[in-house]
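Reader: I have a structure to go through. Can we take it in short questions, strands and helices in turn?

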Amino acid sequence: MANEEIRVRGTVQGVGFRPTVYRLAKACGLCGDVCNDGEGVLIRVSGSEEALTEFVARLQTECPPLAKINQLIRTPYEGKFNFNNFVISSSVNSAIKTEVVPDAATCPQCQQEIFDPFSRFYRYQFTNCTHCGPRLSIIRAIPYDRCNTSMSAFAMCPECAKEYHDVENRRFHAQPVACYACGPTAWLERADGKSVTASMFSMLDDVDAVCTLLQKGEIVAIKGLGGIHLACDATQETVVQKLRQRKKRYHKPFALMARDIEIIEKYCIVNAKEKELLRSSAAPIVLLQVKERDGYKESLFTPNSSLLTHNSLHIAPSVAAGQNTLGFMLPYTPLHHLILRRMNRPIILTSGNLADEPQCIDNDEAREKLGTIADYFLFHNREIINRVDDSVVRLVGDKVQTIRRARGYAPAAISLPPGFNNVPQILAMGSELKNTFCLLREGEAIVSQHLGDLENAAAFNAYQETLYLYLNLFEQKPEVIAIDKHPEYLSSKFGKELAETNKIKIHQIQHHHAHIAACMAENGIPLDSPPVLGIALDGLGYGDDGTLWGGEFLLADYRKFQRLATFKPVAMVGGEQAIYQPWRNTYAQLVAANLWDDCEQKYTDLEIVQFLKKKPLKLLNQLIEKGINSPPASSVGRLFDAVAAAIGIYRDECSYEGQAAIAMEAIVDVSSLNNDKETLIYPFSFGFSDSIYCIDSRPMWQALLYDLQQQIPQAVIAAKFHKGLANAIVEMVKHLCEENLINQVALTGGVFQNCILLQQVTKHLQTLGIKVLTHSLVPANDGGLSLGQAVITAAQLIHES
């Protein structure tokens with residue numbers, strides 16, 4: 001007989017791992033015990049060598065659905081062994097090294113129970129088990145035990161306690177387990193304070209009444225898992241417009257929820273992989289291609305378009321104006337399943353907040369902030385500890401692209417590549433927009449959920465609160481803090497304050513280097529690998545030369561980088577105004593290309609030229625010439641905006657960054673895109689400026705102006721621009737790879753969330769035999785920046801030591 005101690009690290013707490021250990025140990029005839037502690041799960045076990053080998057093998061192949069084993073270490077057990085059976089022991093408090101599990105969508109068994117009249121969980125809105133339910137959203141500390149969650153307020157009834165302690169039961173040690181007799185409750189309120197009862201709707205209960213309210217065109221604030229959402233019928237244009245006006249979210253697409261995939265398929269094309277994503281335990285919002293009708297794409301960017309139809313059902317036009325995708329999710333809590341039971345059409349389910357503010361998570365806060373938006377509230381009395389937004393993903397080819405990493409994915413640890421095993425604890429503060437922060441420890445990165453845009457004061461406060469909670473939750477004491485080099489980022493300023501207060505080192509990381517390093521890290525590129533060619537295209541980031549970068553070709557490893565090429569810098573006239581008024585970028589591009597005189601002489605009748613002539617061009621020219629609030633930027637994001645405005649897409653104003661570019665991608669003519677004729681590809685030129693290569697868009701603008709004069713359709717021009725830009729990138733990569741003996745390219749930055757550009761560039765590079773790295777685990781946008789900051793800092797520290 002052999003006695004062993006087996007240490008298991010990974011996602012192994014709160015996921016039914018100990019019952020699985022118990023079941024397998026009993027099946028293999030072993031004695032011993034299993035317990036949770038700060039490092040994960042500890043197993044002490046005794047039996048024959050054959051039985052132990054079988055046990056360990058089955059432990060890895062029969063892992064629970066939500067569990068993930070990162071490390072399993074077997075060592076001889078030298079202590080006294082007093083077991084004649086196998087038991088589950090109490091949790092042990094020790095140094096925190098385990099993971100916090102993401103919130104998980106309702107499992108099939110719990111779904112069945114809430115609709116089974118003979119189940120004690122029938123229509124219970126907070127039904128869960130070890131395979132599903134709240135995790136990150138309710139946890140205060142680890143080990144993940146009930147006393148460390150917001151469920152500590154609810155004492156288990158005898159029946160729940162019996163299931164909780166029954167190792168053979170699906171709810172064994174499911175910390176949020178509860179029922180009608182002992183658990184949280186939900187209730188309906190009117191926003192005007194008047195009393196309301198379910199009986200006035202002749203419904204089963206308050207939750208069922210919500211469905212009727214939505215069908216009647218009311219807006220209901222629903223407290224869910226990680227925050228409060230605003231819901232309304234997605235097929236009623238009047239109520240959708242009302243929601244937009246009240247919420248002050250005038251154009252950004254709304255997320256949708258549907259009862260089942262069959263309803264989603266009425267509006268969107270859903271392939272097998274997308275169905276798998278929708279039904280997964282993460283249950284993210286999945287961006288899906290809309291089923292098209294004749295003339296659909298040409299009018300997508302028009303806010304009054306009403307072409308999102310299927311038979312007699314219509315998605316309200318203003319749900320996602322300017323898009324050819326819709327973001328759908330399936331119900332992921334019993335509450336949502338019960339609300340949608342009778343709902344045969346989609347609902348909007350968007351964050352319960354005013355535009356740009358954090359999502360409300362508290363009942364009183366919601367009454368105060370959402371009382372002028374919602375007509376009704378559906379509240380419950382389980383406290384939300386951690387605000388967690390819905391995740392957003394899409395499928396590009398056969399690879400998942402994460403747009404926003406939050407509920408269902410965060411804070412699952414990301415294993416770092418070889419070479420990062422022994423690094424000090426590092427805190428990376430992230431960016432200004434689409435912020436996340438990252439904790440680095442012992443070969444893994446813990447990236448926070450999406451925290452929003454920090455330029456909003458409430459969002460910045462929420463960012464600080466969440467950061468402190470994570471530091472306490474994981475007992476993290478950073479030895480180094482990593483920040484972005486931009487001097488005005490609030491995350492960078494806060495990082496400097498923390499470093500000064502705690503007297504620890506600070507590392508300033510260049511924005512685009514961080515993008516590239518994040519892509520390398522999630523693709524498992526080892527620390528000591530040779531450099532890759534990183535292509536980072538985005539809105540803007542602070543460059544090493546003090547200018548704004550956004551179209552960069554960097555020879556980079558984890559420690560350092562060299563800027564090899566860029567796009568020709570063009571003034572952002574009016575600074576931040578250029579992000580929200582795309583015409584400013586069009587004018588600046590034409591001036592930079594020395595084409596404005598041609599516009600006034602040869603193309604004076606063009607709509608864009610007539611539009612620009614009405615602007616204060618003399619003043620704009622002075623701003624550009626004198627460099628007043630018009631910083632030069634190599635931004636490819638602004639180039640997209642400029643082209644979109646030139647062809648008449650959101651020319652005057654955008655309500656969010658990239659709106660015009662997204663709308664232009666949506667109308668691209670597929671037949672032109674798939675046609676290899678050179679006449680359907682806009683040309684770019686290549687030069688040399690300030691010791692690096694430079695891509696110049698002047699030839700593209702000459703061809704585009706001519707096409708506008710020839711009245712070439714927008715969709716064709718959009719296709720020619722996408723193809724031309726992709727070709728220019730590929731030609732530059734080909735030259736740089738040959739010159740620098742590189743065969744590996746990383747594509748990163750928010751611009752590469754454009755599916756057409758990403759697919760075009762990837763396809764052509766792979767044809768050349770170049771290995772292409774893209775994002776999947778973290779966003780290509782600034783949501784992945786903190787991971788890059790953390791690994792660069794780690795690499796630099798290792799190099800220094």
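Reader: In which sense do strand E9 and E15 pair?

Author: This is a predicted model. Strand E9 covers residues 256-257. Met257 stands opposite Ile347 in E15. Two bridges link E9 and E15, and the sense of the pairing is antiparallel.

Reader: Which residue in E15 is the bridge partner of Leu230?

Author: Strand E8, residues 228-233, is joined to E15 by five bridges. E8 and E15 run antiparallel. The bridge partner of Leu230 in E15 is Thr350.

Reader: How many residues of strand E15 are buried?

Author: E15 spans residues 347-351. Buried means under 20% relative accessible area. The strand is mostly covered, and the buried count is five of its five residues.

Reader: Which residue in E4 is the bridge partner of Glu4?

Author: Strand E1 covers residues 2-11. E1 and E4 run antiparallel, joined by eight bridges. In E4, Glu4 has as its bridge partner Pro76.

Reader: Are H15 and H18 roughly parallel or roughly perpendicular to each other?

Author: Helix H15 (residues 582-592) and helix H18 (residues 617-626) pack with their axes 12 Å apart. The angle is about 65°. Angles of 65 to 115 degrees count as roughly perpendicular. H15 and H18 are therefore roughly perpendicular.

Reader: How many nonpolar residues are in the contact of H15 with H18?

Author: H15 brings Trp583, Arg584, Tyr587 and Val591. They meet Leu617, Leu620, Asn621 and Ile624 of H18. By class, the contact has one polar residue, one charged residue, and nonpolar residues numbering six.

Reader: Does Leu473 count as buried or exposed?

Author: Leu473 is found in helix H11, residues 457-473. Its C-alpha atom is 9.5 Å from that of Pro143, 330 residues apart along the chain. The relative accessibility of Leu473 is 1%, so Leu473 counts as buried.

Notes:
Residues are numbered from 1 along each chain as its sequence is written. This is a predicted model: local features need pLDDT of at least 70, side-chain atom pairs count only at pLDDT 80 or more; totals for chains, interfaces and linings use all residues. Side-chain values use heavy atoms; hydrogens and water are left out. Buried means under 20% relative accessible area, exposed over 50%, partly exposed in between (1.4 Å probe, protein chains only). Helices (H or I, at least four residues) and strands (E, at least two) are DSSP runs, numbered from the N terminus. Two strands pair if DSSP finds at least two bridges between them. Axes are lines fitted to C-alpha atoms, for helices over the stretch in contact, and angles run from 0 to 180 degrees between N-to-C directions. Angles under 35 degrees count as roughly parallel, over 145 as roughly antiparallel, 65 to 115 as roughly perpendicular and the rest as oblique. Contact means heavy atoms within 4.5 Å. Ala, Val, Leu, Ile, Met, Phe, Trp, Tyr, Cys and Pro count as nonpolar, Asp, Glu, Lys and Arg as charged, and the others, Gly among them, as polar.
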